[in-house]
Structures are given as structure tokens and as C-alpha cells.
Amino acid sequence: MAGKSTARPRKLPVYLYIPNIIGYVRVLMNCVAFAICFSNKRLFSVLYFLSFVCDGVDGWCARKFNQVSTFGAVLDMITDRVSTACLLVLLSQVYRPGLSFLLLLALDISSHWLQMYSTFLTGKVSHKDVKDSTNWLFKAYYGNRMFMAFCCVACEVLYIILFLRAEKQTEDLIDVLMTSARQSPFLLLLLALSLFGWAIKQTINVIQMKTAADVCVLYDINKKQGS
Amino acid sequence: MAGKSTARPRKLPVYLYIPNIIGYVRVLMNCVAFAICFSNKRLFSVLYFLSFVCDGVDGWCARKFNQVSTFGAVLDMITDRVSTACLLVLLSQVYRPGLSFLLLLALDISSHWLQMYSTFLTGKVSHKDVKDSTNWLFKAYYGNRMFMAFCCVACEVLYIILFLRAEKQTEDLIDLFFFLSGTYDLSQTKSISLAFTGSELIWMGNKTNYQCYTDEDSSRRLCAL
């Protein structure tokens, strides 16, 4: 089933690349997860996390089997964005009125959108390629893949914890955080670590918006000067 | 305050373009709207709709004052995406568990994301530029700006109506439609069914919109950059 890349413009082989099939499985897992999220919170968390793990696996597969594709990268990006968005929607339902989660959703969508635009406008391969950035936090974040992975995982872990810890139909965010922190030292440590990583990631998102907006502006200016 | 585009690489003038200022006002209106959305539904709807109207106004201003900018277009797109997403979040809260709105959110994000990717990969200027598309619905949609505007407005109108009509904390979507279809208020049902038809067409348009250019050329071009 693993189609090798050929010179003929046939699309099916690409759609059947191993990493892309993993991508479809991820989408399916997310669909099932969100369909049962209220009736079976634990299964939801397991599926959601499995899908998150596969996110790394399909990238590894793509490089290992030489099946890197634009479609695969886009599928990956979209699955990430949509699954995070849906999880934030769930959290806003549980922690009503959940305006803070609305804000996080807005930040996630805008920063990634702007970053994608600026990636394309400057002809970079990936939005993670910021070698020429001057911002120290940026360089620390994108320069160190382990650190970046930690922050991304921390974010998702925090959201899942918040979802799992909410027992009533409507919860108060601070209440749940305080209760969870007092519950066990392990949970306290987990919360502290994930809050730290989450904070870094959101800060990066904000900085990203400014730098990407600058790229959009400079793109027009350079175009005018060039022509 | 209106900065003209200069040859010097100064970014501030572009950030102060009139259409971009309108864009910031739109963002502010949305922030205020969603902050008060549960305490004052009517004001929320008014602000949301005003922001939607400004969406057309800033495009017109950009062309009129010759202040078209990439940043402005991106700001526009992002404001649209985020405001629609937040409205869908509200609807999912009101019509719990609101899985259909989760689905609509997923569809909105993925279709626009994919479409933007394909726009860039094929070197087009705007995702609305689909002259060479073979899909008839596509050509009808993007070919006729009035029709496209109608569908976009219909979508937002439907969502706002659903939000305004929900009186209890938790509503049932099907119940609501049965109630509305039983009402003798013809003008209301007509506008709702019109809006619904429009949004159904958008659904179909978006579903057929899942194009992705995966041929070797595009990938090679992108990787070679």
C-alpha cells in the first residue's frame, strides 16, 4: 500500500503514503474521541493523547520511508489545529462562560494563521525554521526541539487535566486548579510543569503574531521596491 | 493618520492604513461583543453584525484609497475565522453538547486552511481566484460575487438567529426548528429557511473544497525553497 513517489502526476500514491494513512487514523481517533467525550472522559483522553503521539510518529515515518509530502504536512497541521480548537471548545463548555478559553482559541488560530502566511511569503519550508530570528525566546523555543516539544505537550496535558478534573456540569477554573494542586504532590508537579510549558507556548504565540505581521508588511514593501 | 506607502522599509505607515485601522476597530468590536455576549445578547448581535459589515467596508476603503496591503488581507481573514469560531463555540455552549457545532468549526478551519495552502502552492493571489476550477458550484460561488456574499451573510445570520432564539441555558436544536416551523410568523421562517439554504450550499461548497495539490512539482518546489 506504500506508494513510492513517481514522476507521473498520479495523486493516489501520495494519499496512500504510510504517514498519511497514520494521519487519517489520527483524524478518526479524534472524531471518535470527541463523539464520546462526555460519556467516557477517560477513553476520550486516551484517544486524544494517542492521536497526539501519532503526530510525532507520522513525521518520523515520513522521513524514514522517504514519504514526505506537502499534503501530509498540511493534514498534520490541520488535525492539530482542529483538535486543539475542539478541546478548547469543550473546556469553555465545562468552565462556563469560558471566555478565557475563547481567548486561547483566538490566539491559537491567529498566531498559527499569521505564522503560516509569513512562512509562505518568505519562502521558508516550515514555520519552525526561524534561524534568522533575533528574539531570544524564539531562538530558545525553535532552536531546541526538546524544549519546543515539551511546551507543546505541556499545553495539551494541561487542557486534558482541566477536562478530566471537572466533575460537575459547570466548574470554576481556579477552584479546580487549587483542589487538584492540593490533592497530591504528583498532580501538583504535573500542573506546575504543564502551566510553565503552556505559558511559554502562549507567549511564543503572541510574539509570533507580531513578527509574522511584520513579515507581511515587509513583503509588500520589498515587492514595491523590487518592481 | 493615513500613511502613504513609501520606498523606505518603514512598517508603521502600513499599520496605520485606513483599512487596517478599520480592521483594528473590527477586532475591538468583536472583543467587546464576546465579553458581553451572555449578559446582553442584542448588543452582542449588533456589534457582531457591525463588525461583519466593516469587513466589506475596509476592503472598499483599501481599493478607494489605494492602501491594499497583505497585512490588511491577513488581518481580515483572521478576524473572520476567529469571530466565526467564537460564535460557533457560543452555539455549542447553548445547544449542548453541540457536537454539530464542533463539526462546523472543524469544517470551517480545515477548509479555509487547505484552501489557503493550495492558493499559495499554485501561486494565486487570493483563494477567491478560481477561474480555472472545473467544479460548477465553485465557479457559481466564486464567479458571482453577489451569490458569494449572500451565502457568507446567510451563514452568519443563521448563527446569530440560533444564538438569539435560545432562551434557556441549554437548548435542543431540533426542538427549536420544530417550534419555528410551527410558527405563523412567515417572515421569520422565510428568512430562516433562506439563511439555512444558503448555509447548506456553503456546506457543500466547502466539502467539495477539499482540494490539495500533491503533485510532485509542488512538493519539490516547496522543499527546494
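This is a predicted model: local features need pLDDT of at least 70, side-chain atom pairs count only at pLDDT 80 or more; totals for chains, interfaces and linings use all residues.
Residues are numbered from 1 along each chain as its sequence is written, chains are lettered from A and ligands numbered from 1 in the order in which they are written, and side-chain values use heavy atoms, with hydrogens and water left out.

**The two chains**

Chain A has 9 helices and 0 strands, whereas chain B has 10 helices and 0 strands. Here helices (H or I, at least four residues) and strands (E, at least two) are DSSP runs, numbered from the N terminus. The table sets out further values for each chain; in it, buried means under 20% relative accessible area, while exposed means over 50% and partly exposed in between (1.4 Å probe, protein chains only).

| Chain | Residues | Buried residues | Accessible surface | Carbon and sulfur share |
|---|---|---|---|---|
| Chain A | 227 residues | 51% buried | about 11200 Å² | 68% of the surface |

Among contacts in chain A between residues at least 6 apart in sequence, 71% join residues at least 24 apart; in chain B, residues 24 or more positions apart account for 67% of the contacts with a separation of 6 or more.

In chain A, helix H2 (residues 18-35) packs against helix H3 (residues 41-64) at an angle of about 170°, and their axes are 9 Å apart. Axes are lines fitted to C-alpha atoms, for helices over the stretch in contact, and angles run from 0 to 180 degrees between N-to-C directions. H2(A) and H3(A) are therefore roughly antiparallel to each other, since angles under 35 degrees count as roughly parallel, over 145 as roughly antiparallel, 65 to 115 as roughly perpendicular and the rest as oblique. The residues that make this contact include A:Pro19, A:Ile22 and A:Arg26 of H2(A), together with A:Phe44, A:Leu47 and A:Asp55 of H3(A). They divide into 14 nonpolar, 3 polar and 3 charged, where Ala, Val, Leu, Ile, Met, Phe, Trp, Tyr, Cys and Pro count as nonpolar, Asp, Glu, Lys and Arg as charged, and the others, Gly among them, as polar.

In chain B, helix H2 (residues 18-35) and H3(B) pack at an angle of about 170°, with their axes 9 Å apart, and that makes H2(B) roughly antiparallel to H3(B). Among the residues that meet here are B:Arg26 and B:Met29 in H2(B) and B:Tyr48 and B:Asp55 in H3(B), and by class this contact has 14 nonpolar, 3 polar and 3 charged residues.

**Individual residues**

B:Asp55 has its place in helix H3 (residues 41-64) of chain B, where B:Asp55 is buried, with a relative accessible area of 17%. Leaving aside neighbours within four places in sequence, B:Asp55 is in contact with B:Arg26, B:Asp76 and B:Asp80.

A:Asn66 lies in the loop between H3 and helix H4 (70-94) of chain A, and its phi is near 55°, a positive value in a residue other than glycine. At 61% relative accessibility, A:Asn66 counts as exposed. B:Asn66 lies in the loop between H3 and helix H4 (70-94) of chain B; its phi is near 55°, and B:Asn66 is exposed, with a relative accessible area of 66%.

A:Val206, in helix H9 (residues 185-226) of chain A, is partly exposed, with a relative accessible area of 47%. The C-alpha atoms of A:Val206 and A:Asp108 are separated by 9.2 Å, although these residues are 98 residues apart along the chain.

**Annotated spans**

According to an unreviewed UniProt entry, the annotation "transmembrane region" covers residues 12-36, 142-164 and 184-200 of chain A; UniProt positions are given in the numbering used here, feature names are shortened, and annotations may be inferred rather than shown by experiment. Residues 142-164 of chain A are 96% helix and 0% strand, with the end C-alpha atoms 30 Å apart.

How values were computed:
Contact means heavy atoms within 4.5 Å. Accessible areas come from the Shrake-Rupley method with a 1.4 Å probe; for residues, only the protein chains shown count as cover.
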